[in-house]
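User: I would like to learn how to read a structural model such as this one. Please take me through its features in turn.

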Amino acid sequence: MKKIKEEINEKSPILFDKHSSIFSSPILICYIILKQYVSNPKLLKTDKKISIYTLFNDVKKINSKIPSQQIYLSILLMYSLGLVEFQRPYLIIKNHD
């Protein structure tokens, strides 16, 4: 039973981890994404769509050591806060005036 719990804990994602680097935290990645795309609207199309593949490539250009799982968690965090929506394969940033 204990071994099963350890395996579950190893695979479960951690949104707030005090032992990992602050530079790869999902909250900071959310800030980087929103700062890059909202502060510079020319990077967005008129309907505020961003390809998920472009998003990953842009984040990896900023810091190549950020794990992909942290980028997934940051996208889910933005979705749970109501900042973005999904429309395959795009991420749509909502307009909050």
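Analyst: Let us begin with the surface. The protein chain exposes about 7,400 Å², and carbon and sulfur atoms supply 58% of that area. Please keep in mind that this is a predicted model.

User: How much confidence does the predictor place in the protein chain, and where is the pLDDT below 50?

Analyst: The average pLDDT of the protein chain is 76, and 67% of the residues score at least 70. Over residues 5-9 the pLDDT is below 50; that stretch has zero contacts in the model beyond near neighbours in sequence.

User: Which pattern of helices and strands does the protein chain follow?

Analyst: There are four helices and three strands, and along the sequence they follow the pattern α-α-β-α-α-β-β. Of the contacts between residues at least 6 apart in sequence, 56% join residues at least 24 apart. Buried residues account for 27% of the 97 residues.

User: Is Tyr79 buried, exposed or partly exposed, and why?

Analyst: Tyr79 belongs to helix α4, residues 68-80. A residue is buried under 20% relative accessible area and exposed over 50%. Because its relative accessible area is 45%, Tyr79 is partly exposed. Together with Leu76 and Phe86, Tyr79 forms a nonpolar patch on the surface, and the three have about 310 Å² of accessible area together.

User: Why is Ser51 classed as buried, and with which residues is Ser51 in contact beyond its neighbours within four places in sequence?

Analyst: Ser51 lies in strand β1, which covers residues 49-51. Ser51 counts as buried because its relative accessible area is 17%, and the cut-off for buried is under 20%. Leaving aside the neighbours within four places in sequence, Ser51 is in contact with Pro89 and Tyr90.

Conventions: Residues numbered from 1 in each chain as written. Predicted model: local features only at pLDDT ≥ 70, side-chain atom pairs only at ≥ 80, totals over all residues. Heavy atoms only, no water. Patch = residues over 30% accessible without salt bridge, like charges linked within 9 Å, V, L, I, M, F, W, Y side chains within 5 Å. Areas by Shrake-Rupley, 256 points an atom, 1.4 Å probe, with all protein chains shown as cover. Salt bridge = Lys/Arg side-chain N within 4 Å of Asp/Glu carboxyl O. Helix = DSSP H or I, 4+ residues; strand = E, 2+ residues; numbered from the N terminus. Buried < 20%, exposed > 50% of the residue type's maximum accessible area, 1.4 Å probe, protein only. Contact = heavy atoms within 4.5 Å. pLDDT = per-residue confidence, 0-100.
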